[in-house]
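Dear colleague,

Please find below the sequence and the structure that I am handing over to you. My notes on what was found follow directly after them.

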Amino acid sequence: MSSRILILDCGSQFTQLIARRVREAHVFCEIHPPTRTLQWIREWKPTGIILSGGPMSVTDEGAPTFDPAILDVAPILGVCYGMQWIAHAEGGTLVGSGKREYGRAEVTVEEPTGVWARFAFREQTQVWMSHADHVETVPPGYLLTASSADNPVVGFRHKSKPIHAIQFHAEVVHTVRGADIIGGFLFDVCQATPDWTPGAFVEQEIAKIRETVGSAHVICGLSGGVDSSVAAALVHRAIGDQLTCIFVDTGLLRLHEREQVERTMGQHLGMKLVTVRAEERFLSALAGKDNPEEKRKMIGHTFIDVFEDAAAREGKNAAFLVQGTLYPDVIESFSPKGGPSATIKTHHNVGGLKPDMKFKLIEPLRELFKDEVRNVGRSLGLPEEMVGRHPFPGPGLAIRVLGAVGERDLDTLRRADAIYLEEIRAAGLYDEIWQAFAVFLPVRSVGVMGDGRTYEHVIALRAVTSRDGMTADWFAFPPEVLARMSNRIINEVPGVNRVVYDVSSKPPATIEWE
């Protein structure tokens with residue numbers, strides 16, 4: 001890419017949203033920790049640098065900090081904590097407010113230049129605040145660009161250098177014209193070129209894959225989901241018959257999943273596909289394990305063992321393994337690029353891999369969000385029925401049967417999940433929902449059927465709307481649709497007498513239950 005933005009993560013819950021907004025403007029960006037050295041930053045050659053928000057005060061022990069010389073490397077935008085660090089480093093006055101300012105606020109534009117170039121003088125606009133400390137006076141050599149009734153300094157810029165700062169979070173949707181503010185930084189300040197497109201990404205990755213692989217053989221762990229399918233198609237476009245796709249039936253798949261994958265990938269895409277039946281192997285590895293992290297890691301380890309065995313049986317001395325790892329997988333599995341954000345859960349294909357596996361990884365989608373992956377799939381010519389599918393986790397139904405995983409519980413869940421998705425499609429709602437699935441709960445409830453007492457299992461239904469999986473809201477089904485789903489599941493799935501619907505958003509909940 002001709003332009004690229006470096007985002008230095010100071011620990012904000014919104015840092016990934018900054019990356020989303022930059023990429024939505026078709027400019028490439030990456031998130032890295034504030035511990036990157038000045039030399040590393042210079043060698044990365046950023047078109048611009050964004051210093052994110054964060055939960056600490058700049059004067060706290062251990063708070064993220066930077067070499068002040070970073071202010072001369074490239075145009076800078078400080079957001080919240082980033083603004084406060086610039087003010088502190090450059091001699092401004094920073095004050096602890098004694099309480100957090102959290103929520104909507106009206107900001108007045110004092111100077112419509114730089115990040116405010118798309119606004120009028122003294123224009124008022126709604127923004128989203130989330131901070132405790134605030135800047136009382138701008139540093140020497142800087143000018144005030146925005147203020148509010150509660151904060152004398154909501155924005156400032158350097159008089160001659162391309163250094164800009166804002167106290168609020170332009171990246172969240174509650175900042176009404178956040179896209180204009182970020183666009184002002186990207187295009188008016190940094191003079192970035194909007195050339196981050198699916199087509200450009202495909203060309204770049206094909207060249208990178210060919211250079212990395214050479215003449216070596218590659219296998220792809222194919223699940224049939226969107227991510228692994230797009231990754232497989234991209235690598236196949238790059239190296240053709242050097243790729244063998246291995247589809248593992250783990251015994252943790254949805255109803256008729258194996259048959260669908262074999263039909264789609266083998267017949268429609270013309271890739272070499274090897275199916276491995278490993279149900280007993282996975283269920284044996286999971287026996288008695290009820291901790292979600294332990295389950296994920298065990299599945300990740302078993303996958304690698306199965307891939308190695310399958311490659312050996314095929315007579316292929318495969319050097320590389322392709323995975324459909326996405327950016328949210330990386331972010332949730334550990335701090336992005338080593339940054340200070342919290343670990344949410346270990347994804348089986350990130351933190352759950354065997355440390356001694358013989359394969360080198362090829363993860364062409366590792367820096368992409370889900371909607372970007374779908375667009376890459378469309379650019380590669382994949383059918384809409386494939387790229388438009390709801391996400392399905394690599395560990396499969398093992399993380400939708402809460403607690404220990406048993407074969408009977410899996411069968412119950414499969415049947416309930418199939419009815420659920422069937423009713424969603426029948427109601428014409430599938431494309432309105434980002435992800436929908438059923439969960440088998442490790443509890444029983446009392447019920448009555450045919451004038452008799454029952455004491456049977458509970459199924460939870462989950463459906464969310466989202467753009468990238470980083471945040472999500474529960475989907476508001478029409479009551480009659482929920483009633484029909486519940487009635488069918490209870491009447492058609494033996495051993496179930498109660499259905500509940502999950503109305504939690506992310507955050508505070510995650511999308512999957514484990």
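I begin towards the end of the chain, where Pro-507 has its place in the segment after strand E18 (496-501). The peptide bond that joins Lys-506 to Pro-507 is cis, with an omega of about -10°. The segment after E18 also holds Pro-508. A cis peptide bond leads from Pro-507 to Pro-508 as well, and its omega is near 15°.

Another backbone detail concerns His-26, which has a positive phi of about 65° although it is not a glycine. You will find His-26 in the loop between helix H1 (15-24) and strand E2 (28-32).

Please keep in mind that this is a predicted model. How confident is the prediction? The mean pLDDT of the chain is 88, and 92% of the residues reach 70 or more. Confidence is highest in strand E3 (residues 48-51), at a mean of 98, and lowest in helix H10 (residues 327-333), at 64. Over residues 333-352 the pLDDT is below 50.

I turn next to a sheet. Strands of a sheet pair through backbone hydrogen bonds, either parallel or antiparallel. Here, 5 strands form an open sheet with parallel pairing, in the order E12-E11-E10-E13-E14. Which strands stand at the edges of this sheet? They are strand E12 (273-277) and strand E14 (360-362). Each of these has a single partner strand, so one side of each is left without a neighbour in the sheet. From one strand to the next, the twist averages 30°.

Within this sheet, strand E10 (residues 218-222) and strand E11 (residues 243-249) pair in the parallel sense over 5 bridges. To locate this pairing on your screen, look for Gly-221, which stands opposite Ile-246 in E11. Helix H6 (residues 226-239) packs on the sheet and touches E10, E11, strand E13 (320-322) and E14. The direction of H6 makes about 160° with that of E10.

The remaining notes concern spaces in the structure. The second largest pocket has a volume of about 360 Å³. Its lining consists of 16 residues, and those nearest the centre of the pocket are Leu-255, Gln-260, Arg-389, Leu-421 and Arg-425. Which elements give two or more residues to the lining of this pocket? They are helix H7 (257-268) and helix H13 (407-426). The largest share of the lining, 6 residues, comes from H13. By type, the lining of the second largest pocket divides into 4 nonpolar, 3 polar and 9 charged residues.

How many cavities of 30 Å³ or more does a search of the whole structure find? The search finds 2. The second largest cavity has a volume of about 40 Å³. The residues that line this cavity are Ile-18, Ile-50, Leu-77, Val-79, Ile-166, Ala-170, Glu-171 and Ile-182. In the lining of the second largest cavity, 7 residues are nonpolar, none is polar and 1 is charged.

Yours sincerely,

A colleague

Notes. Residues are numbered from 1 along each chain as its sequence is written. This is a predicted model: local features need pLDDT of at least 70, side-chain atom pairs count only at pLDDT 80 or more; totals for chains, interfaces and linings use all residues. Side-chain values use heavy atoms; hydrogens and water are left out. pLDDT is the predictor's confidence in each residue, from 0 to 100. Helices (H or I, at least four residues) and strands (E, at least two) are DSSP runs, numbered from the N terminus. Contact means heavy atoms within 4.5 Å. On a 1 Å grid over the protein atoms alone, a cavity is a set of points where a 1.4 Å probe fits but cannot get out, and a pocket is an open set with protein on both sides within 12 Å along at least five of seven lines; lining residues have an atom within 4 Å of a point. Grid points are joined across faces, edges and corners, and a volume is the space filled by probe spheres set on the points. Ala, Val, Leu, Ile, Met, Phe, Trp, Tyr, Cys and Pro count as nonpolar, Asp, Glu, Lys and Arg as charged, and the others, Gly among them, as polar. Two strands pair if DSSP finds at least two bridges between them. Axes are lines fitted to C-alpha atoms, for helices over the stretch in contact, and angles run from 0 to 180 degrees between N-to-C directions.
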